[in-house]
Amino acid sequence: MPAPSDDARQRRVQQRALETRDLLLRAAVDVLCDSGYAGFSTLAVGEAAGVSRGRLVHHFPTKNALIEAVTDHLARSYAELAPAQARELAAAPQPDRAAQGLGMIWQLMNTRDYQAFLELLIGTRHDPELRPVVREFERRLEHELLAAVRVVSGPAADSPEFGASLLTALQAMRGLLLLSSAGGHDLAADWEAVRGRLLLLFRPAA
């Protein structure tokens with residue numbers, strides 16, 4: 001049996017490197033969700049991923065490098081998921097597109113990925129270097145969510161107030177999720193109450 005070529009060996013090395021990087025990024029999300037920003041460290045991520053410190057440092061030499069990679073990973077994930085969900089909803093007849101759009105955003109935000117972002121957001125209080133990284137992710141996420149909900153909403157998105165109403169809805173959802181992360185809140189009940197009020201923002205004035 002012929003020995004594998006140098007190109008084949010190189011491809012395997014590159015594939016293993018990509019798999020290790022992805023494993024570390026998913027582990028970083030898990031550590032943020034399970035331990036919060038206070039418990040987040042490269043050591044904790046390496047242990048959660050089952051990756052040696054040497055391999056971890058090879059991919060992410062510092063904590064900030066890992067955080068930048070995590071936020072980029074999450075932004076890319078939303079850039080794929082949000083448009084796909086929007087196209088699926090837009091293709092089907094909807095009796096209330098505003099409600100469908102809000103529901104879609106809520107589902108996209110009520111996830112472990114977004115919970116990880118919220119933990120990073122909390123961390124910016126005591127880590128000024130983290131603020132621009134988190135803000136850039138926030139900007140990219142808002143862009144993807146607003147674009148997706150516009151697809152679902154159809155002609156209603158042409159209203160001059162539509163963009164401001166969507167930003168208000170995003171901020172309200174973020175607030176609910178932050179309160180829920182502190183404990184003692186019924187997230188489903190809180191969302192149902194707030195959802196009705198948010199929908200009023202998208203109803204034509206009488």
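Buried means under 20% relative accessible area, exposed means over 50%, and partly exposed lies in between, with a 1.4 Å probe and protein chains only. The structure is a predicted model, in which local features need pLDDT of at least 70 and side-chain atom pairs count only at pLDDT 80 or more, while totals for chains, interfaces and linings use all residues. Residues are numbered from 1 along each chain as its sequence is written, and side-chain values use heavy atoms, with hydrogens and water left out.

**View 1. The aromatic pair of Tyr37 and Phe40.** The structure holds 5 aromatic pairs. Tyr37 and Phe40 form a stacked pair, 6.5 Å from centre to centre with 15° between the planes. Rings of Phe, Tyr and Trp (its six-membered ring) pair if their centres lie within 6.5 Å; planes under 30 degrees apart count as stacked, over 60 as edge-to-face and the rest as tilted. Tyr37 is buried because its relative accessibility is 13%. Phe40 is buried as well, with a relative accessible area of 3%.

**View 2. The aromatic pair of Phe162 and Phe202.** The ring centres are 5.5 Å apart and the planes stand at 65°, so Phe162 and Phe202 form an edge-to-face pair. This pair links distant parts of the chain, 40 residues apart: Phe162 belongs to helix H8 (residues 162–181), and Phe202 to the segment after H9. Helices (H or I, at least four residues) and strands (E, at least two) are DSSP runs, numbered from the N terminus. Phe162 counts as buried at 5% relative accessibility, and Phe202 counts as buried at 18%.

**View 3. An aromatic cluster.** Tyr114, Phe117 and Phe137 form one aromatic cluster.

**View 4. The packing of helix H1 with helix H6.** Helix H1 (residues 6–35) and helix H6 (residues 112–123) pack with their axes 8 Å apart, at an angle of about 65°. Axes are lines fitted to C-alpha atoms, for helices over the stretch in contact, and angles run from 0 to 180 degrees between N-to-C directions. H1 and H6 are therefore roughly perpendicular to each other, a term for angles of 65 to 115 degrees. From H1, Arg26, Val29, Asp30, Leu32, Cys33 and Asp34 meet Arg112, Asp113, Gln115, Ala116, Glu119 and Leu120 of H6, where contact means heavy atoms within 4.5 Å.

**View 5. Arg195 in helix H9.** Arg195 lies in helix H9 (residues 187–200). The residue Arg195 is partly exposed, with a relative accessible area of 25%. The C-alpha atoms of Arg195 and Ala38 are separated by 32 Å, and the two residues are 157 residues apart along the chain.

Terms used: Angles under 35 degrees count as roughly parallel, over 145 as roughly antiparallel, 65 to 115 as roughly perpendicular and the rest as oblique.
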